[in-house]
Amino acid sequence: MSDTVSPVKYFLSGGFGGVCTVLAGHPLDTIKVRLQTMTVPGPNELPLYSGTWDCAKKTVSKEGVRGLYKGMAAPLCGVAPIFAISFFGYGVGKRLQQSSLDEKLMTIQLFYAGAFSGIFTTVIMAPGERIKCLLQIQHADAKPKYKGPLDCAKQLYREGGIKSIYKGTCATLLRDIPASGMYFMSYEYLKEQFTPEGGKLSLLATIAAGGFAGIANWLVGMPPDILKSRLQTAPEGTYKKGIREVFVKLMKNEGPAALYKGVVPVMLRAFPANAACFMGFEVAMKFLNWIVPGL
């Protein structure tokens, strides 16, 4: 990623990378949310899903393959500006720490720049995450409360105004600031390691660096993501003290292991989805540099 790339190219390339991410990773994201939010079984009761594969089988058998793509419209519609702002925010974060445009930043400075980008995206991301999660937990054997993303947004606004739509914003920040820092830092570091001295970045190196960056992102972001999903899908008034109360109840009832519920689909999704993101970004950037070099 060049520091001299224009904001327009950042927006278009980041947006295309984001679309690639959603298309590649949404089915496993749906499984992740369902595993994270399923009710804790009582005594002598079996859990709704025994694991990732069981959740996938039951979802497809009851709802078809389309069930795995529930709630995709919300992240797909918001993903272009989210990823554009994320990549742009990362560039701004790098610039703020440079005394000259060609100054090479240290690894920790790349983390700070990535963390800075996480703040940029939350304003757009928090409502989309809330709507996505609410749609994903709707099961085929129950009458759906929401007909789609727009209907979900309208109902949330009627129930609690803009505050209801933005429920979980602090939780999203808690996830995205450190996770974004790890994401971009890992990508830049691995990209450098995979590129031969004096050589060019290969497509395979981009895929590998992007995939491993996605895994690093979720190793950091998984626990706050669990808390965010619980908070955003709970009925109004369940957690009056917010994310702190979610954390206390989760620890008391389920223990620390619950902070990594759904980790299998997350990690299965992380590599291909983020490899697709950075591959899409780099391919789009090369295409734009070829077709409109002066943009």
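1. The side chain of Thr233 places a polar atom 2.7 Å from the backbone oxygen of Ser229. This is a polar contact, that is, a pair of N or O atoms within 3.5 Å in which, within protein, one must be able to donate a hydrogen and the other to accept it; residues adjacent in sequence count only if both atoms are side-chain atoms.

2. The model is predicted: local features need pLDDT of at least 70, side-chain atom pairs count only at pLDDT 80 or more, and totals for chains, interfaces and linings use all residues. Residues are numbered from 1 along each chain as its sequence is written, and side-chain values use heavy atoms, with hydrogens and water left out.

3. Thr233 belongs to helix 7 (residues 203–233), where helices are DSSP runs of H or I with at least four residues, numbered from the N terminus. Thr233 is buried, at a relative accessible area of 16%; buried denotes under 20% (1.4 Å probe, protein chains only). Leaving aside residues up to four places away in sequence, Thr233 touches Thr37, Cys133, Leu134 and Ile137, a contact being heavy atoms within 4.5 Å.

4. The protein chain contains nine helices and zero strands, a strand being a DSSP run of E with at least two residues. Of its 295 residues, 51% count as buried.

5. The C-alpha trace of the protein chain spans about 65 × 35 × 35 Å along its principal axes. Among contacts between residues at least 6 apart in sequence, 78% join residues at least 24 apart.

Notes. Buried means under 20% relative accessible area, exposed over 50%, partly exposed in between (1.4 Å probe, protein chains only).
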